[in-house]
Amino acid sequence: MSKTEELSVVQHLEELRRLLIISIISTVVMAGVSWVFTDQILQILLQPVTSTGKDIVFIGVTEAVMTKIKLAFFTGFLASLPITLWQFWGFIIPALRKLERVYFTVFVFISCLLFIGGVAFGFLVVFRLCIQFLLQYGGSQLIPMLSVGKYISFTLNFLLPFGLIFEMPLASFFLAKLGIISYRTMVKMRKMAIVVSVVIASAVVASPDIFTVLLFAAPMYLLYELSATIVRVVEWMNYRKQAGRAIDLVAPFKKLTRLRKKL
């Protein structure tokens, strides 16, 4: 390896170290900012339980403060995610060609939106139904005594997989563009997808209640079907491109621009 290449590798490692330091500092700073709003955030997360008339308690001396610290770092991580992704974007983008830069930029932007959308969907739709359904099991004889530490841990473990699972359609799009997966393969894997969805849901939810498991597994399988549809559309567009009948997505905008000039 030449001296120039060694220096280039050292410079890259130095840049990567700077990237990691900035990401960690931004997470810590945003966690400090989030600490100011932990009471409001906690109120929102506890709402599925408090709306049913139940209370949340803490059963250890340090449980309340440790839960707030955990929550502050979690929200700090989410708030600093654009900064972290921007740093990684700046690190990778010089090595890409022009078209790859466009794809990568779109990928980062959409993946961030999908992750936030997945967490929001999980909390606003599935999580609320899950909590209300599970609390009904107590009936009139049993009084729930939920500790805030375990409740918040359960909430975060429940919501994070939703953010990751919502990346499936985007990942399928790029894998189809690269020719790694096909629609035919995804159709053959449908039964396997159902089984995997239920197994993952059982592992993540960690509940013997089948309704809760199905509430988690159903969106996963629907996203699988959406991903299969996206793969089919990508294959159709590739077929038209190879046949010389590619769809020009920019054409309507060009036509609209010409009409405006005439007016």
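Helices (H or I, at least four residues) and strands (E, at least two) are taken here as DSSP runs, numbered from the N terminus. The model is predicted, so local features need pLDDT of at least 70 and side-chain atom pairs count only at pLDDT 80 or more, while totals for chains, interfaces and linings use all residues. Residues are numbered from 1 along each chain as its sequence is written, and side-chain values use heavy atoms, with hydrogens and water left out.

**Whole chain**

Switch to a surface: the accessible area (Shrake-Rupley method, 1.4 Å probe; for residues, only the protein chains shown count as cover) is about 17400 Å². Carbon and sulfur atoms account for 71% of that surface. Of the 263 residues, 30% are buried, where buried means under 20% relative accessible area, exposed over 50%, and partly exposed in between (1.4 Å probe, protein chains only). Contact means heavy atoms within 4.5 Å. Among contacts between residues at least 6 apart in sequence, 82% join residues at least 24 apart.

**Helix α10, at S227**

Select S227, which is in helix α10. S227 counts as buried because its relative accessibility is 0%. Show M168, P169, S172 and M186: S227 is in contact with these, leaving aside neighbours within four places in sequence. Then draw a distance from S227 to A171, 56 residues apart along the chain; their C-alpha atoms are separated by 8.4 Å.

Now select the whole of α10, residues 210-242. The expected span of a helix is 1.5 Å times one less than its number of residues. After α10 comes G244, with a positive phi near 75°.

**The largest nonpolar core**

A nonpolar core is a set of buried Ala, Val, Leu, Ile, Met, Phe, Trp, Tyr and Cys residues joined through side-chain atoms within 4.5 Å. The largest one has 31 residues; select F127, Y151, I152, F158 and F216, which touch the most other members. At least two residues of this core come from each of α2 (38-50), α3 (63-79), α5 (98-135), α6 (148-165) and α10 (210-242). Apart from it lies another core, of eight residues, among them A176, A193, V231 and V234.

Centre on F127. Not counting residues up to four places away in sequence, F127 touches P48, G122, Y151, F154, T155, F158 and L159.

Next, pick C130, in helix α5. C130 is buried, because its relative accessible area is 0%. Beyond residues up to four places away in sequence, C130 touches F158, T212 and L215. C130 and F211 are 81 residues apart in sequence, with 8.1 Å between their C-alpha atoms.

Select α6. Its 18 residues should span 26 Å, and its end C-alpha atoms are 26 Å apart, which agrees. Colour the buried residues of this helix: V148, G149, Y151, I152, T155, L156, F158, L159, P161, F162, G163 and I165.

Two packed helices are described by the angle between their axes and the distance between the axes. Axes are lines fitted to C-alpha atoms, for helices over the stretch in contact, and angles run from 0 to 180 degrees between N-to-C directions. The axes of α2 and α6 come within 11 Å and cross at roughly 90°. The two helices are therefore roughly perpendicular, a term for angles of 65 to 115 degrees (under 35 is roughly parallel, over 145 roughly antiparallel, the rest oblique). Show L42, L45, L46, P48 and V49 of α2 with V148, Y151, I152 and T155 of α6, the residues that make the contact.

**K68 on α3**

Move to K68, in helix α3. K68 is partly exposed, at 26% relative accessible area. Leaving aside neighbours within four places in sequence, K68 is in contact with W35, T38, D39 and L42. K68 and V148 are 80 residues apart in sequence and 9.5 Å apart in space, C-alpha to C-alpha.

**α1 against α4**

Finish with S26, in helix α1 (residues 3-36), and T84, in helix α4 (residues 81-92). S26 counts as buried at 8% relative accessibility, as does T84 at 15%. Outside four places in sequence, S26 is in contact with S80, I83 and T84, and T84 touches S23 and S26.
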